[in-house]
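Work through the exercises below with the structure in view. Each task is followed by a solution in steps.

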Amino acid sequence: AAEGGSEDERWVRRQLQELEAQRARGPEWLEEPHLFHEGQLELLLAHLQDGSLTGLPEALREDVAFYASQFEEGKEAAEEDFYIDRE
């Protein structure tokens, strides 16, 4: 995907990069929930790019940031404590 685009598009790309990095270094069980969320972010990015979505609600940004924060660099959540959030 080309860099650039709106601030929202750049934000989505950063989240995708973070989840991909976490998935690469994380435990095997992290793969499936992260792939789900990456797919949802890719859909958001496509909607932002085609104009069918004009911005990201702050609540969505907060939810994605919380989800990703569970496995930020140096952090590790146990599978049973990990909040998947498929909404």
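**Exercise 1.** In which kind of crossing, left-handed or right-handed, does H1 pass H2?

Solution. This is a predicted model, where local features need pLDDT of at least 70, side-chain atom pairs count only at pLDDT 80 or more, and totals for chains, interfaces and linings use all residues. Residues are numbered from 1 along each chain as its sequence is written, and side-chain values use heavy atoms, with hydrogens and water left out.

Step 1. Helices are DSSP runs (H or I, at least four residues), numbered from the N terminus.

Step 2. A crossing is left-handed if the near helix is turned anticlockwise from the far one by less than a right angle, and right-handed if clockwise. H1 passes H2 in a left-handed crossing.

**Exercise 2.** At what angle do H1 and H2 pack?

Solution. Step 1. Axes are lines fitted to C-alpha atoms, for helices over the stretch in contact (heavy atoms within 4.5 Å). Angles run from 0 to 180 degrees between N-to-C directions.

Step 2. The angle is about 165°, and the axes lie 10 Å apart. H1 is therefore roughly antiparallel to H2 (angles over 145 degrees).

Step 3. The residues of this contact divide into seven nonpolar, five polar and eight charged. Ala, Val, Leu, Ile, Met, Phe, Trp, Tyr, Cys and Pro count as nonpolar, Asp, Glu, Lys and Arg as charged, and the others, Gly among them, as polar.

**Exercise 3.** Is His47 buried, exposed or partly exposed?

Solution. Step 1. Locate His47 in helix H2.

Step 2. Buried means under 20% relative accessible area, exposed over 50%, partly exposed in between (1.4 Å probe, protein chains only). His47 is partly exposed because its relative accessibility is 38%.

Step 3. Leaving aside residues up to four places away in sequence, His47 touches Ser52 and Leu53.

Note on methods: Helix = DSSP H or I, 4+ residues; strand = E, 2+ residues; numbered from the N terminus. Parallel < 35°, antiparallel > 145°, perpendicular 65-115°, else oblique.
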